[in-house]
Amino acid sequence: MTDAPDIPVRVRPEIAALPAYRQGRQAGAEAFKLSSNENPYAPLPGVQEAVAAAVEFNRYPDATATALRERLAARFGRTVDEVHVGAGSVSILAQLVQAVSGPGDEIIYAWRSFEAYPWLAVVAGATAVTVPLTDGARHDLDAMAAAVTPRTRAIIVCSPNNPTGPVVRHDDFDAFVRAVPSDVLVILDEAYAEFVTDPDAVDGLRVLGGEEFPNVVVLRTFSKAFGLAGLRVGYAIGHPRILDAARSTTIPLSVTAAAEAAALASLDAEDELLARVREIAERRDRLADGLREAGWDVPQAQGNFVWLPTGAESLAVAAAFDAAGLIVRPFDGDGIRISVGEHESVAKVLEIAASVVRDLP
Ligand code: PMP
């Protein structure tokens with residue numbers, strides 16, 4: 001919100017009422033920034049060199065990121081028109097929601113989940129329908145299917161769920177999609193897919209392999225596992241008709257040449273980057289186990305973050321972490337999310353979490 005004097009230009013009231021995007025606080029030199037689910041590793045030198053070599057700053061980028069789409073299509077055994085690239089997967093989410101919904105339409109998603117979902121629905125002018133998570137902080141897919149009405153246009157399923165951590169199981173997702181009308185778009189948001197180690201977890205690309213579910217679109221990103229959050233590049237895989245519609249809502253040329261070059265170079269170095277991902281997943285498991293041993297009720301953690309259900313104490317607990325140089329993300333009244341960061345941060349998180357749990361009522 002600004003203090004500038006009001007002017008008569010009419011802004012849509014629902015847009016004027018939106019809160020500003022809340023970003024994890026930047027860390028000072030002494031602190032660990034564990035508030036935005038970022039990758040703690042710096043980009044590989046080869047990726048940085050590829051960006052420097054590929055980008056002509058005075059030229060526009062390729063509007064549909066053809067080279068990257070071709071590469072992803074080959075990587076996942078799809079056709080090029082089944083792949084869409086956007087400036088981060090959040091921008092593709094916005095495109096998909098806008099492509100299928102407007103005023104009077106409903107978008108279903110679990111809550112609590114990714115904070116952008118309510119915002120996307122408002123911007124599209126659609127109505128958000130939220131379905132509470134289960135006790136284990138999982139999606140309640142039966143309740144989500146039961147929430148479908150003739151006005152439902154899209155359902156967003158987040159696996160692993162940000163910020164709570166559990167995955168949706170493959171069999172459950174399969175049954176869920178069969179229960180949902182085929183004219184409803186199902187968006188499977190797999191921003192953290194590469195960190196998943198649960199063999200029963202849904203894998204969107206396996207679901208799509210059967211060509212049975214043309215209404216499912218899978219979203220992935222280079223921001224998390226591949227460490228390119230600052231460059232903004234993500235992708236969707238799904239039916240060409242849905243992706244064409246999403247593309248029609250796109251602000252042209254929003255994927256930069258630097259982002260495309262970095263994504264291509266990251267795919268060249270995929271083995272090395274996925275070895276880092278395995279290390280982060282092991283670190284996550286150590287962190288979650290340690291927190292459970294300290295008495296915390298941590299739900300299944302399958303992303304690059306863990307969830308502490310701190311309820312009414314969330315802001316106070318986050319402040320205790322903050323004072324110790326650990327910047328975490330509180331969700332007022334609900335819990336705090338701690339990203340899996342540098343190796344050295346794990347012992348520190350465990351130390352503070354153990355002291356906090358003793359002080360909780
Ligand atoms: N989906 C989920 C569940 C996320 O947590 C995030 C990032 N926090 C995104 C999508 C968007 O990621 P990006 O736009 O960087 O690809």
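Hi everyone. UniProt positions are given here in the numbering used for this structure, with shortened feature names, and annotations may be inferred rather than shown by experiment. With that in mind, the unreviewed UniProt entry places the feature "modified residue: N6-(pyridoxal phosphate)lysine" at Lys224.

Two quick notes before we look around. Residues are numbered from 1 along each chain as its sequence is written. This is a predicted model, where local features need pLDDT of at least 70, side-chain atom pairs count only at pLDDT 80 or more, and totals for chains, interfaces and linings use all residues.

Let's stay with lysine 224. Where does it sit? Lysine 224 is in the loop between strand 7 (216-221) and strand 8 (234-237); helices (H or I, at least four residues) and strands (E, at least two) are DSSP runs, numbered from the N terminus. Is lysine 224 buried or exposed? Lysine 224 counts as buried because it has 26 C-beta neighbours inside 10 Å. For that term, buried takes 20 or more other C-beta atoms within 10 Å of the residue's own, exposed takes 12 or fewer, and partly exposed is in between, with C-beta atoms placed from the backbone. Leaving out residues up to four places away in sequence, lysine 224 touches Asn37, Asn39, Ala191, Tyr192 and Asn304; contact requires C-beta atoms, placed from the backbone, within 7 Å.

Now the ligand. It is surrounded by 13 residues, and the closest are Gly88, Ser89, Val90, Thr221 and Ser223; a residue is near a molecule if its C-beta atom, placed from the backbone, lies within 6 Å of it. That shell divides into five nonpolar residues, seven polar and one charged. In this scheme Ala, Val, Leu, Ile, Met, Phe, Trp, Tyr, Cys and Pro count as nonpolar, Asp, Glu, Lys and Arg as charged, and the others, Gly among them, as polar.

Next, please look at strand 3, residues 106-111. Five of its six residues are buried, so strand 3 is largely enclosed by the rest of the structure. Strand 3 runs parallel to strand 4 (residues 127-132), with six bridges between them; strands pair if DSSP finds at least two bridges between them. Isoleucine 107 has alanine 128 as its bridge partner in strand 4. To get from strand 3 to strand 4, the chain passes through helix 5 (residues 116-124), in a right-handed β-α-β crossover. Right-handed means that, with the strands pointing away from the viewer, the path from the first strand over the helix to the second runs clockwise.

Strand 3 is also parallel to strand 5 (residues 152-158), joined by four bridges. Here isoleucine 107 has alanine 154 as its bridge partner, and tyrosine 109 stands opposite isoleucine 156. Seven of the seven residues of strand 5 are buried, so strand 5 is largely enclosed too. Strand 5 in turn runs parallel to strand 6 (residues 185-189) over five bridges, where alanine 154 partners leucine 185. Strand 5, helix 7 and strand 6 form a right-handed β-α-β unit.

Finally, some backbone details. Tryptophan 111 and arginine 112 are joined by a cis peptide bond, with omega about 15 degrees, and arginine 112 is in the loop between strand 3 and helix 5. Another cis bond runs from asparagine 162 to proline 163, with omega near 15 degrees. Alanine 65, which is not a glycine, has a positive phi near 45 degrees. Its loop lies between helix 2 (45-54) and helix 3 (66-76).

Notes. Two residues are in contact if their C-beta atoms, placed from the backbone, lie within 7 Å.
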